[in-house]
Amino acid sequence: MLSLLLSLASSDAQACSPMPSEEVVSSPEWGARGVGVDSRILLQVGVDRLDDPDGLDLDVRDGRGEPIPGEVEVIFSTSTYPSLVSLRFIPEMALPANAEIRATAMGVREGDGLMPASMFFETGEGQAERSTPMVELYRWEFASQDECWGDRDEVALGIYGSDTGEAVYALAVDEAGQPTEEVLAVFLADDGAEVALTMPVEASCIAIVTEQADGFQAAPFIVCEQDVWDDEDFLCGTDDRMFRGGCSTGGAPAGLFAGLIGLLGLVRRRRSA
């Protein structure tokens, strides 16, 4: 899969490049202040920015330049469009309060005209705001063959979050309707953002896992192609004020999602100060 992603990002496929290299997104955002001391860090960059895939890492340091211990996981989105690599960092303990934090992606190409693959923010005194993003299935449509991707289904999701560091993971579903460990895409939640991914034509469902700013993950739920037509008000989430028809946990085996991102990370390291 990595070789496929890199081939898509090569110079011979620029016309089909799924993600411009200039686009780098992160949570917390660059320059954010008052960030919760229990926050996790998530930085995303297009695969065309990869310089050394084997050396991908996220170096996190405090204002004195001392490394902050924690766990780094590298997650490749396997959906053809967009193709992203996500660097996820969970600190071993609470981040220092009222401190400057800098996180720098390693193994990512830098240069003039490119957004820096790093982030700088300041923590506050307390914990992160706990908020669970809502996810809505907007569209699931067939797209006819083109020179880049061939026949595919295009899926659009609406993500409603408080823009304080929540994330949404889209996972592939097996033939039995169970979530798998294959990450299709990772999205940072935003207030009313619409995101897109492509699916094989034969696929009809995806699993959604929402993550709060401190890394807490809700149980997965399944969204399927027919939900677009079955219920115009289809919405999944945890807000009792909103209708959530069509959601399910998928009946996943016990314990499978207890440490979900630990299973999803294609590269996993343990760091210590």
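How many salt bridges does the structure hold? I found eight salt bridges, a salt bridge being a side-chain nitrogen of Lys or Arg within 4 Å of a carboxyl oxygen of Asp or Glu.

**Entry 1. Basis of the notes**

I worked from a predicted model, in which local features need pLDDT of at least 70 and side-chain atom pairs count only at pLDDT 80 or more, while totals for chains, interfaces and linings use all residues. Residues are numbered from 1 along each chain as its sequence is written, and side-chain values use heavy atoms, with hydrogens and water left out.

**Entry 2. The chain as a whole**

I recorded three helices and 15 strands in the chain. Helices (H or I, at least four residues) and strands (E, at least two) are DSSP runs, numbered from the N terminus. Of the 273 residues, 52% count as buried. Buried means under 20% relative accessible area, exposed over 50%, and partly exposed in between, with a 1.4 Å probe and protein chains only. Among contacts (heavy atoms within 4.5 Å) with a separation of 6 or more, residues 24 or more positions apart account for 69%.

**Entry 3. Salt bridges**

I looked up arginine 88 and glutamate 73, whose closest N and O atoms are 3.5 Å apart in a salt bridge. Arginine 88 belongs to strand 5 and glutamate 73 to strand 4 (residues 70-76), so this pair ties together parts that are 15 residues apart in sequence. Arginine 88 counts as buried because its relative accessibility is 6%; glutamate 73 counts as buried at 1%.

I then turned to arginine 139 and glutamate 194, which form a salt bridge with closest N and O atoms 2.8 Å apart. The pair links distant parts of the chain, as arginine 139 is in strand 8 (residues 134-143) and glutamate 194 in strand 12 (residues 191-199), 55 residues apart. Arginine 139 is partly exposed at 36% relative accessibility, and glutamate 194 is partly exposed at 43%.

A further salt bridge joins arginine 152 to glutamate 154, with 3.0 Å between the closest N and O atoms. Arginine 152 is buried, with a relative accessible area of 11%, whereas glutamate 154 is partly exposed at 35%. I also noted that salt bridges with shared partners join Arg40, Glu73, Arg88 and Glu211 into one network.

**Entry 4. Aspartate 153**

Aspartate 153 lies in strand 9 (residues 152-160). Its side chain makes a polar contact with the side chain of tryptophan 140 at 3.1 Å. A polar contact is a pair of N or O atoms within 3.5 Å; within protein, one must be able to donate a hydrogen and the other to accept it, and residues adjacent in sequence count only if both atoms are side-chain atoms. Leaving aside neighbours within four places in sequence, the contacts of aspartate 153 include Phe142, Leu197, Met199 and Glu225.

I asked how many of the residues of strand 2 are buried. Six of its six residues are buried. In a regular strand the side chains alternate between the two faces of the sheet. Here Ile41, Leu43 and Val45 point one way and Leu42, Gln44 and Gly46 the other.

Strand 2 pairs with strand 1 (residues 24-27) in the antiparallel sense over four bridges, and pairing requires that DSSP finds at least two bridges between two strands. Strand 2 also pairs with strand 5 (residues 84-91), again antiparallel, over six bridges. Isoleucine 41 has phenylalanine 89 as its bridge partner in strand 5.

Aspartate 48 is found in the loop between strand 2 (41-46) and strand 3. This aspartate 48 counts as buried at 14% relative accessibility.

I traced an open sheet of three strands in the order 3-6-7, with antiparallel pairing. Strand 3 (57-62) and strand 7 (118-122) each have a single partner strand, so one side of each is left without a neighbour in the sheet. Five bridges join strand 6 (residues 100-106) to strand 7, and threonine 104 stands opposite serine 118 in strand 7.

Another open sheet has four strands in the order 11-10-13-14, also with antiparallel pairing. Its edge strands are strand 11 (179-188) and strand 14 (221-224).
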